[in-house]
Amino acid sequence: MLKKMINSAQIDFDIIPIDPLLIKSGQATVGGVDMSFVRTYRFGEKEEPFIPGSSLKGMIRSYAEKICRSLRDDPVPVCLPYLEPGKEQHGEHRQASCGLCFEKYKKKYNVKTIPSPEIYSLSCPVCRLFGSHGFIGRLSTSDAYLTEDFKNTGNPVLEIRDGVAIDRLTGGAAGGAKYDLEVLTRGEFGTTLDIRNFERWQLGLIALVLRDMEQGLVRVGFGKSRGMGRFRAKITNFRLTYYNQKLSGLSGLAELCSREENNAYGFFAETRDKSPLPKSESNGLRYEYSITDTWKTVLVPGVNDLLKFIENTDWPGALEKFLERRN
Ligand SMILES: [Zn+2]
């Protein structure tokens, strides 16, 4: 990836459950419960529930995939992250995982590494942002812990539910054997999302995910089809940073990088829309812009770029050609 920092975005948000949540712990059973909520000992305090950053990243990724899929039918513009090339079933045509395609390429042609600009430019929109096997993405999420505000006013509530009863209620898979779930019904978690070196359309995609998270349309954890996992996100801080450059309007890598870098990475040219950024605060070589109250309007050009990019991306055609060493 680019060796220098050009820009970054940092978003802090709280997760407030609407439905019962279950983020499963790796341990099979804790205290006789079949599926228990994951816990941590933080700062040597008593044990408390939390949501691992990896669960949050997975949730945001799969929702972003859904959005991209809704924007183009044929070919589908994003890969299925676990689908091996050559193993496509009905309905999975041309959706093999970018990362696994690169692995296959390396084996097939006995190549050790593929340069990262090439990997980036050949990857589907979602892998460009979230990464894939052997290629780290632009977006990272931190573990979500109970907020101080919440802890000052109350305690998290965890309850044991009968899994079979939930299945019967929702008409879900009726396994028969009795099992218990430990769900969280009260608690508020705070987390941070970081995006380093973003293209403008990537902020547009994240804006769409955040908007739906704010409206309680996204689910996390176990039992999404059983009336579990819905939450509301409250965005408490949204900050953009540009390094060494003071800007007046929203820009991404396509605008800020050289022609050579644009060619190597295949950044998507930005549409002409511009939205003004608020007054910056300078902090050494960094210029920071707080868009906590205005992100929905500031990021509109990013959403417009996303629509154009999905419509025009040459994925998976370019990746398929690469794999066959066709030009
Ligand atoms: Zn992909």
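Tutor: Helices (H or I, at least four residues) and strands (E, at least two) are DSSP runs, numbered from the N terminus. This is a predicted model, where local features need pLDDT of at least 70 and side-chain atom pairs pLDDT 80 or more, while totals for chains, interfaces and linings use all residues. Residues are numbered from 1 along each chain as its sequence is written, and side-chain values use heavy atoms, with hydrogens and water left out.

Student: Where does R94 lie?
Tutor: Take its backbone first: phi of R94 is near 60°, a positive value in a residue other than glycine. As for its place, R94 sits in the loop between α1 and α2.

Student: What about N244: buried or exposed?
Tutor: N244 is found in the loop between β11 (231-243) and α8 (253-256). Its phi is near 70°, a positive value in a residue other than glycine. Relative accessibility is 56%, so N244 counts as exposed.

Student: Which residues coordinate the zinc ion?
Tutor: Donors are N, O and S atoms within 2.8 Å of the metal (3.2 Å for Na, K and Ca); water is not among the atoms, so sites may look incomplete. Here the donor atoms are SG atoms, at 2.3 Å. They belong to C79, C98, C124 and C127.

Student: What arrangement do the 4 donor atoms make around the zinc ion?
Tutor: Four donors count as tetrahedral if all angles lie between 85 and 135 degrees. The ideal angle for four tetrahedral donors is 109.5 degrees. Around the zinc ion the angles are 102 to 113°, so the arrangement is tetrahedral.

Student: How many residues apart are C98 and C124?
Tutor: C98 is in helix α2 (residues 98-109), and C124 is in the loop between α3 (116-122) and α4 (125-130). C98 is buried at 0% relative accessible area, and C124 is buried at 0% too. The pair links distant parts of the chain, and the separation is 26 residues.

Student: Which residues are in contact with E261, leaving aside its neighbours within four places in sequence?
Tutor: E261 is in helix α9 (residues 259-265) and is buried, with a relative accessible area of 17%. Its side chain makes a polar contact of 3.2 Å with that of K4. Contact means heavy atoms within 4.5 Å. By that rule, the residues in contact with E261 are L2, K4, G266 and F267.

Student: What separates the C-alpha atoms of E261 and L2?
Tutor: Along the chain, E261 and L2 are 259 residues apart.

Student: Which element gives the most to the lining of the largest pocket?
Tutor: On a 1 Å grid over the protein atoms alone, a cavity is a set of points where a 1.4 Å probe fits but cannot get out, and a pocket is an open set with protein on both sides within 12 Å along at least five of seven lines; lining residues have an atom within 4 Å of a point. Grid points are joined across faces, edges and corners, and a volume is the space filled by probe spheres set on the points. The largest pocket has a volume of about 270 Å³. With 5 residues, the most comes from α1.

Student: How much space lies in the largest cavity?
Tutor: The lining of the largest cavity includes S121, F309 and W315. Its space is about 30 Å³.

Notes
Four donors count as tetrahedral if all angles lie between 85 and 135 degrees; four count as square planar and six as octahedral if opposite donors are over 155 degrees apart and all others between 65 and 115; anything else is irregular. Buried means under 20% relative accessible area, exposed over 50%, partly exposed in between (1.4 Å probe, protein chains only). A polar contact is a pair of N or O atoms within 3.5 Å; within protein, one must be able to donate a hydrogen and the other to accept it, and residues adjacent in sequence count only if both atoms are side-chain atoms.
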